[in-house]
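The following note sets out several points on the model shown below. Each may be checked against the coordinates.

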Amino acid sequence: MITLHVPDTDSAEARRIAARLDDLVVAYSRRTSDASMVPVDLPAIEDGGRWYAGEDLSGYFDELARYLGEWRKFQSDACY
């Protein structure tokens, strides 16, 4: 499960990350975290035990979009 870790105070960066996840139509949880409790700068994404923040987020979103594109190729919304 993808977890978006955000600071106590609202930030434009946290809103931008949440909007990108919404655009990709993926499930995620949003957690308010203390900066001392996470190994990277906030806001950050935790996915599969790996952490992404700052400049790493661009590559993470590119890879996630590719993965979802492949996954959705084989999904069907047709009734059988």
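Which residue's side chain does a polar contact of 3.0 Å join to that of H5? The partner is E46; the points below place this contact in its setting.

1. Basis of the note. This is a predicted model, in which local features need pLDDT of at least 70 and side-chain atom pairs count only at pLDDT 80 or more, while totals for chains, interfaces and linings use all residues. Residues are numbered from 1 along each chain as its sequence is written, and side-chain values use heavy atoms, with hydrogens and water left out.

2. H5. This residue belongs to strand β1 (residues 2–6); strands are DSSP runs of E, at least two residues long, and helices are runs of H or I, at least four, numbered from the N terminus. H5 is buried, at a relative accessible area of 3% (buried is under 20%, exposed over 50%, partly exposed in between; 1.4 Å probe, protein chains only). Besides E46, the side chain of S33 makes a polar contact with that of H5, at 2.7 Å. A polar contact is a pair of N or O atoms within 3.5 Å; within protein, one must be able to donate a hydrogen and the other to accept it, and residues adjacent in sequence count only if both atoms are side-chain atoms. Beyond four places in sequence, the contacts of H5 (heavy atoms within 4.5 Å) include R31, V38, L42, P43 and W51.

3. T3. Strand β1 also holds T3, which is buried with a relative accessible area of 8%. Its side chain is joined to that of S29 by a polar contact of 3.4 Å. Leaving aside neighbours within four places in sequence, T3 is also in contact with R31, A44, I45 and E46.

4. Nonpolar core. The largest core has 16 residues, of which L21, I45 and F61 touch the most other members. Such a core is a set of buried Ala, Val, Leu, Ile, Met, Phe, Trp, Tyr and Cys residues joined through side-chain atoms within 4.5 Å. Two or more residues each come from β1, α1 and α2 (56–73). Not counting residues up to four places away, I45 touches, among others, I2, L4, I17, L21, L57 and F61.

5. Backbone features. The peptide bond between L42 and P43 is cis, with omega about -5°. P43 lies in the loop between β2 (28–32) and β3 (44–47). V25, in the loop between α1 (12–24) and β2, has a positive phi near 55° although not a glycine. V25 is exposed, with a relative accessible area of 61%.
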